[in-house]
Amino acid sequence: MKITLNNTSEEFGQDVMTVNELLKVKTFTFKMLVVRINGILVKKDEYSTAVIKDKDDVMVLHLVSGG
Amino acid sequence: MTFGEIKVKLKTRTVGIAGCGGLGSNCAVALARVGIGTLILTDFDVVSESNLNRQYYFLSQVGEPKAPALKRVIHQINPSVSVIAYEIKLDPEHILRYFKDCDVIVEAFDEAGQKEMLIETVLSAFPEKPLVVGVGMAGWGMNDCIHYRHAGNLHICGDEVTEISENVPPLAPRVGMVANMQANVVLEILLKS
């Protein structure tokens with residue numbers, strides 16, 4: 001499948017994957033994250049069930065301290 | 001658009017700023033200078049001397065609660081801005097109560113966990129409301145790493161990677177850059193509509 005991840009086109013072997021699988025493949029191991037699929041917020045307890053499929057627009061925002 | 005026309009447009013607009021530290025104080029002052037109508041400020045902390053390396057306060061204000069202290073700073077620059085200052089540690093319930101009528105919300109917290117809480121709350125409760133967040137601005141130099149991107153109504157300013165630590169402190173130039181980028185995004189949103 002081909003998705004847009006943080007405004008960049010990415011291709012994966014699988015047809016679908018969960019948010020957790022994506023975070024693992026991309027080694028996004030940060031604790032504080034905000035994930036949206038096609039503009040919809042995915043809550044933390046949905047990371048193992050929320051599914052990403054072909055043509056989805058995914059945003060992963062890594063939150064770092066400072067301000 | 002002339003500055004006069006800009007001021008007329010901004011006069012009726014309300015911006016909520018979550019946190020009055022390095023990002024919030026500088027962003028609020030920039031918006032006050034250009035004539036924003038109303039600012040809703042929240043912060044639970046007091047001004048300390050160590051804040052003065054980046055936050056828009058003065059030595060004479062050390063010890064004062066930040067939200068009302070920032071209100072006084074703003075009124076010395078532009079007394080026509082209506083400022084509502086809350087001395088509170090924002091939780092999801094406060095966000096829903098205090099920010100529901102804002103045209104734009106600015107995330108200006110220090111701590112990553114608080115940033116996450118605010119973003120999740122706003123995106124769930126007010127999916128249509130523009131939210132401008134600041135992520136990654138510690139240290140110095142690296143001008144070319146600071147950027148802006150947006151996904152729908154979520155607007156992100158910062159380098160998205162630099163975390164504060166003892167050897168990478170937040171300092172006026174980079175924090176001010178991101179705070180002013182946030183203010184600039186707010187203007188773009190408000191002047192478009």
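## Ground rules

This is a predicted model, in which local features need pLDDT of at least 70, side-chain atom pairs count only at pLDDT 80 or more, and totals for chains, interfaces and linings use all residues. Residues are numbered from 1 along each chain as its sequence is written, chains are lettered from A and ligands numbered from 1 in the order in which they are written, and side-chain values use heavy atoms, with hydrogens and water left out.

## Chain A as a whole

Chain A has one helix and seven strands. Both kinds of element are DSSP runs, numbered from the N terminus: helices are H or I with at least four residues, strands are E with at least two. Read from the N terminus, the order is β-β-β-α-β-β-β-β. The radius of gyration of chain A is 12 Å, close to the 11 Å that the globule rule gives for 67 residues, so chain A is as compact as a globular protein of that length. That radius is taken over C-alpha atoms, and the rule is 2.2 Å times the number of residues to the power 0.38.

Along the principal axes, the C-alpha atoms of chain A fill a box of roughly 40 × 25 × 20 Å. Of the 67 residues, 46% are buried. Buried means under 20% relative accessible area, exposed means over 50%, and partly exposed lies in between (1.4 Å probe, protein chains only). Now take contacts in chain A between residues at least 6 apart in sequence: 56% of them join residues at least 24 apart. A contact means heavy atoms within 4.5 Å.

A:Leu23 sits in helix α1 (residues 19-25) of chain A. Its relative accessible area is 7%, so A:Leu23 is buried. Beyond its neighbours within four places in sequence, A:Leu23 is in contact with A:Phe28, A:Leu33, A:Tyr47 and A:Val60. A:Leu5 is 18 residues away from A:Leu23 along the chain, and their C-alpha atoms are separated by 11 Å.

A:Ser9 belongs to strand β2 (residues 8-11) of chain A. This residue counts as exposed, because its relative accessibility is 52%. Leaving aside neighbours within four places, A:Ser9 is in contact with A:Lys2, A:Ile3 and A:Thr4. A:Val51 is 42 residues from A:Ser9 along the chain, with 18 Å between the C-alpha atoms. A:Asn38 is in the loop between β4 (33-37) and β5 (40-42) of chain A. It is not a glycine, yet A:Asn38 has a positive phi of about 50 degrees. With a relative accessible area of 42%, A:Asn38 is partly exposed.

## Helix packing in chain B

Two packed helices are described by the angle between their axes and the distance between the axes. Axes are lines fitted to C-alpha atoms, for helices over the stretch in contact, and angles run from 0 to 180 degrees between N-to-C directions. Helix α2 (residues 22-33) of chain B packs with α6(B) at an angle of about 45 degrees, their axes 8 Å apart. The two are therefore oblique to each other. Angles under 35 degrees count as roughly parallel, over 145 as roughly antiparallel, 65 to 115 as roughly perpendicular, and the rest as oblique. Residues that meet include B:Leu23 and B:Cys27 in α2(B) and B:Gln182 and B:Val186 in α6(B). By class, the residues of this contact are nine nonpolar, four polar and no charged. Ala, Val, Leu, Ile, Met, Phe, Trp, Tyr, Cys and Pro count as nonpolar, Asp, Glu, Lys and Arg as charged, and the others, Gly among them, as polar.

Helix α1 (residues 3-11) of chain B also packs with α6(B), at about 85 degrees and with axes 10 Å apart. That makes α1(B) roughly perpendicular to α6(B). Here B:Ile6, B:Lys9 and B:Leu10 in α1(B) meet B:Leu187, B:Leu190 and B:Leu191 in α6(B). This contact has five nonpolar, no polar and one charged residues.

## Buried residues of chain B

B:Gln182 lies in helix α6 (residues 172-192) of chain B. B:Gln182 is buried, with a relative accessible area of 0%. Among the residues that B:Gln182 touches are B:Leu23, B:Cys27, B:Val106 and B:Glu107.

B:Gln55 is in the loop between β2 (38-42) and α3 (66-77) of chain B. This residue is buried too, at 6% relative accessible area. B:Glu160 lies in the loop between β7 (154-158) and α6 of chain B. B:Glu160 counts as buried at 11% relative accessibility. Its phi is positive, about 65 degrees, although B:Glu160 is not a glycine.
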